[in-house]
Amino acid sequence: MIVLAIDPGSVTAGYALLQKEGRKINYIASGILKFAKGDEFLHRVKDIYDQTMGLMEKYEPDEIALESLIFVKSPTALIKLAQSRGTMLAALSQTHHQKIYEYSPNLVKSTVAGHGHADKEGIQKVLAQILGITNFKTHDESDAVAIALCHLLNRGTTMVIAPEKSKKTKKMGNGLANALSHKIKEPAV
């Protein structure tokens with residue numbers, strides 16, 4: 001299974017492709033997409049769409065992973081990032097509807113480096129240890145590799161919100177479940 005991960009941006013975006021075969025994860029490619037910075041943002045939309053489609057045609061991934069939107073201080077920057085990400089999603093959904101996944105920056109950092117507030121250099125050191133990649137062009141590229149790795153490591157995990165109740169046996173060790181049952185309006189199993 002090949003995953004394409006994208007770290008969205010309105011001027012540059014990082015991308016990475018990793019392949020999982022059994023329990024082994026292999027690096028395929030990574031890089032950055034550069035969009036016409038001098039143009040008015042609305043004139044970049046077609047370039048963002050076309051370059052995203054170009055990635056899809058070149059690598060033909062099985063699944064897509066993106067970083068979710070993050071808080072930025074500038075509302076204008078957030079709007080441009082959201083529009084760029086939306087343009088990418090429009091391109092990606094042409095061929096991968098319901099095969100697109102998103103991960104928060106903290107989950108990516110936590111999965112890759114062990115804590116959700118790891119810095120960029122810490123993430124790059126872990127990626128070098130795990131995948132052997134050492135020379136990233138930009139942080140956007142290393143972020144995309146981290147997103148791809150996060151997806152492959154979290155893929156297939158499911159979170160059960162309200163497990164089915166078993167009436168035949170009583171499970172022991174439900175202290176926390178009992179203590180929180182009033183919060184979730186469900187009795188402990």
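Student: Which residues is Leu33 in contact with, leaving aside its neighbours within four places in sequence?
Tutor: Contact means heavy atoms within 4.5 Å. Set aside the neighbours within four places in sequence, and the contacts of Leu33 are Val11, Thr12, Ala13, Tyr15, Gln51 and Leu55.

Student: What kind of model is this?
Tutor: Residues are numbered from 1 along each chain as its sequence is written, and side-chain values use heavy atoms, with hydrogens and water left out. Local features need pLDDT of at least 70, side-chain atom pairs count only at pLDDT 80 or more, totals for chains, interfaces and linings use all residues, and the model is predicted.

Student: In which strand is Leu33 found?
Tutor: Helices (H or I, at least four residues) and strands (E, at least two) are DSSP runs, numbered from the N terminus. Residues 24-34 form the strand that holds Leu33, and this is β3.

Student: Is Leu33 buried or exposed?
Tutor: Buried means under 20% relative accessible area, exposed over 50%, and partly exposed in between, with a 1.4 Å probe and protein chains only. Leu33 has 7% relative accessibility, so Leu33 counts as buried.

Student: What distance separates the C-alpha atoms of Leu33 and Ser10?
Tutor: Along the chain, Leu33 and Ser10 are 23 residues apart.

Student: What share of the residues counts as buried?
Tutor: The chain has 189 residues. The buried share of them is 38%.

Student: At what angle do α1 and α2 pack?
Tutor: Axes are lines fitted to C-alpha atoms, for helices over the stretch in contact, and angles run from 0 to 180 degrees between N-to-C directions. The axes of α1 and α2 lie 9 Å apart. The angle is about 35°.

Student: How do the residues of that contact of α1 with α2 divide by class?
Tutor: From α1, the contact includes Val45, Ile48 and Tyr49, and from α2, it includes Thr87. Ala, Val, Leu, Ile, Met, Phe, Trp, Tyr, Cys and Pro count as nonpolar, Asp, Glu, Lys and Arg as charged, and the others, Gly among them, as polar. The contact of α1 with α2 has 10 nonpolar, seven polar and one charged.

Student: Is Thr87 buried or exposed?
Tutor: Thr87 sits in helix α2. Beyond its neighbours within four places in sequence, Thr87 is in contact with Val45, Ile48 and Tyr49. With a relative accessible area of 12%, Thr87 is buried.

Student: Is the crossing of α3 and α4 left-handed or right-handed?
Tutor: The axes of helix α3 (residues 105-113) and helix α4 (residues 120-131) come within 9 Å and cross at roughly 45°. That makes α3 oblique to α4, since angles under 35 degrees count as roughly parallel, over 145 as roughly antiparallel, 65 to 115 as roughly perpendicular and the rest as oblique. A crossing is left-handed if the near helix is turned anticlockwise from the far one by less than a right angle, and right-handed if clockwise. The crossing of α3 and α4 is left-handed.

Student: How are α3 and α5 placed relative to each other?
Tutor: Their axes come within 9 Å and cross at roughly 75°. Therefore α3 and α5 are roughly perpendicular.

Student: What arc do the buried residues of α3 cover?
Tutor: Pro105, Val108 and Val112 are the buried residues of α3. The arc is that of the directions from the helix axis to the C-beta atoms. These residues lie on the same side of α3 because their arc is only 60°.

Student: What is the phi of Glu60?
Tutor: Glu60 lies in the loop between α1 (41-59) and β4. Glu60 counts as exposed, at 60% relative accessibility. Its phi is positive, in a residue other than glycine, and near 45°.

Student: What is the phi of Gln98?
Tutor: Gln98 is in the loop between α2 (75-96) and β5. Gln98 is exposed, with a relative accessible area of 67%. Gln98 also has a positive phi in a residue other than glycine, near 65°.
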